[in-house]
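Hello,

Here is the structure for you to look through. Please open it beside this email, and then read on.

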Amino acid sequence: MRTPVTEKINRLKIKRNAVILAHNYQSGEVQDLADFTGDSLELSRKAASTDADVIVFCGVKFMAETAAILSPGKTVLLPDRHAGCPLSDMITAKQLIDLKCEHPDAIVVCYVNSSAAVKAESDYCCTSANAVEIVKSIPADKEIIFVPDQHLGRFVVEKTGREMILWPGYCVTHAAITEDDVKQAKAAHPGAIVMAHPECGEPVKAICDQILSTGQMLKFARQSEAKSFIVATELGIIHSLKKQNPGKEFFAATERATCPNMKRITVEKVLWSLEDMQYKITVSDEIRTRAKQALDRMVAVLPAK
Ligand code: 13P
């Protein structure tokens, strides 16, 4: 919907040669305003390939940092400087360096939900859309350290049969989705397909039908013959699911699954961000060069079809 605020945003976008990228967990209004909405991998690829001068990243800090690393010549703005990610804060570069010292020959795979400094200490970065493919691409005789999400890590272990050294990090929003929530939702909506994000805990994943990244959920729902779905991930995605599938029904596994950091971004903050060119996300050259190697490998490996 066009409002005075969105009109102003559109004018400023042209003036600044800016593109607005929004993660699937953003509020419906912010998603509708964006030039491109997607999962972490899709947004990283978009950030790496855009010819805009300014990227307004409607997401959380590690996503904006990833864009800054992949597109060093561009100005990357995060409309709320406090939009962080507790999962990415669960491991520091120092902790990873110490772990590497204990396993000097291991290859390090870090989930994109990590700081630039942690990425700089990693060999490969991955998202939930391509973690399995990334790990499969590593020679079988190599030991692997996987940080920081233990639940995505366990999913990859199960899919690849590779033992990995897992860091005990987790997403607090996905931890709010319990096995009981999913059981209750299934009882309330018999026959609905349960889609869960790999960041969910193992008991939730054990009783779901599909384990998918947010981008994969959107694709699966579009292609599926099913008419109703239970969604076990952050609630923001339900906006796009409903919009893209008018004849289908989508139910949240629990209304608790809302990420307060993602929801810090509002339409007004996007406007202020473009007006004041804030908050600029930058990464030092030393960290950026090393982190980019891990990220280049991530964007190069294709996700599963
Ligand atoms: P996706 O890559 O599936 O969009 O997930 C991003 C994320 O941060 C999940 O918490």
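Predicted model: local features only at pLDDT ≥ 70, side-chain atom pairs only at ≥ 80, totals over all residues.

The ligand site

The ligand is surrounded by 13 residues, and the closest are His-23, Ser-40, His-197, Glu-199 and Thr-214. By type, the shell around the ligand holds three nonpolar, eight polar and two charged residues. The space that the ligand takes is the second largest pocket.

- His-23 has a polar side-chain atom 2.6 Å from an oxygen atom of the ligand.
- For Ser-40, an N or O atom in the side chain is 2.9 Å from an oxygen atom of the ligand.
- Ser-128 has a polar side-chain atom 3.0 Å from an oxygen atom of the ligand.

How much of the ligand does the protein bury? Taken alone, the ligand exposes 300 Å², and the protein buries 96% of that.

The sheet

In general, the strands of a sheet pair through backbone hydrogen bonds, in either a parallel or an antiparallel way. Here, four strands form an open sheet in the order S10-S9-S11-S12, and the pairing is parallel.

Strand S11, residues 228-232, pairs with S12 in the parallel sense over four bridges. As an example, Ile-230 has Phe-251 in S12 as its bridge partner.

Regards

Conventions. Residues numbered from 1 in each chain as written. Heavy atoms only, no water. Near = heavy atom within 4 Å. Polar contact = N/O pair within 3.5 Å; in protein donor to acceptor, adjacent residues only side chain to side chain. Areas by Shrake-Rupley, 256 points an atom, 1.4 Å probe, with all protein chains shown as cover. 1 Å grid on protein atoms, 1.4 Å probe; cavity = no way out; pocket = protein on both sides within 12 Å on 5 of 7 lines; lining within 4 Å. Sits in = over half its atoms within 2 Å of the grid points. Nonpolar A, V, L, I, M, F, W, Y, C, P; charged D, E, K, R; others polar. Pairing = 2+ DSSP bridges. Helix = DSSP H or I, 4+ residues; strand = E, 2+ residues; numbered from the N terminus.
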